[in-house]
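I am opening my notebook to write down what I looked up, entry by entry.

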Amino acid sequence: MTRLTGRALRVTIFIGETDLWHHRPVYTEIVHRAHAAGLAGASVFRGIEGFGASSLIHTQRLLSLSEDLPVAIVIVDSEPLIREFLPQLDELVTEGLVILDDCEVIRYAGREKAK
């Protein structure tokens, strides 16, 4: 199990829910590549409303239902591992926003495996 405590780097990727990479959602490809790269973890969050560089507002409100809601993928790990992963994001994220933040990991614990 990966041990992660103390100073870390958080990468957050903002994309559209319908963004695709070879007929597969970009967020799925990012999560699977992060897993293959041995990163500590990745989570995908679906937004209920937002806009980006295109200035087009996407919302889930009933009267203006969008099929392309905003999605945020958050990955936290040590700075060297995150920076090593960034070229993959350059390849996958053709539209969107990628940000890095310094952070401090207080607790990182998984579930006990069933015996």
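My entries go from the whole chain to two single residues.

I noted at the start that this is a predicted model, in which local features need pLDDT of at least 70 and side-chain atom pairs count only at pLDDT 80 or more, while totals for chains, interfaces and linings use all residues. I number residues from 1 along each chain as its sequence is written, and side-chain values use heavy atoms, with hydrogens and water left out.

**Whole protein.** I found two helices and eight strands, taking helices (H or I, at least four residues) and strands (E, at least two) as DSSP runs numbered from the N terminus. Read from the N terminus, the order is β-β-β-α-β-β-β-β-α-β. Of the 115 residues, 32% are buried, where buried means under 20% relative accessible area, exposed over 50%, and partly exposed in between (1.4 Å probe, protein chains only). I also looked up contacts, meaning heavy atoms within 4.5 Å: among those with a separation of 6 or more, 74% join residues 24 or more positions apart.

**Arg33.** This residue sits in helix α1, which covers residues 26-36. Is Arg33 buried or exposed? I recorded Arg33 as buried, because its relative accessible area is 16%. Leaving out residues up to four places away in sequence, Arg33 touches Trp21, Phe85, Gln88, Glu91 and Leu92.

**Pro80.** I located Pro80 in helix α2, residues 79-92.
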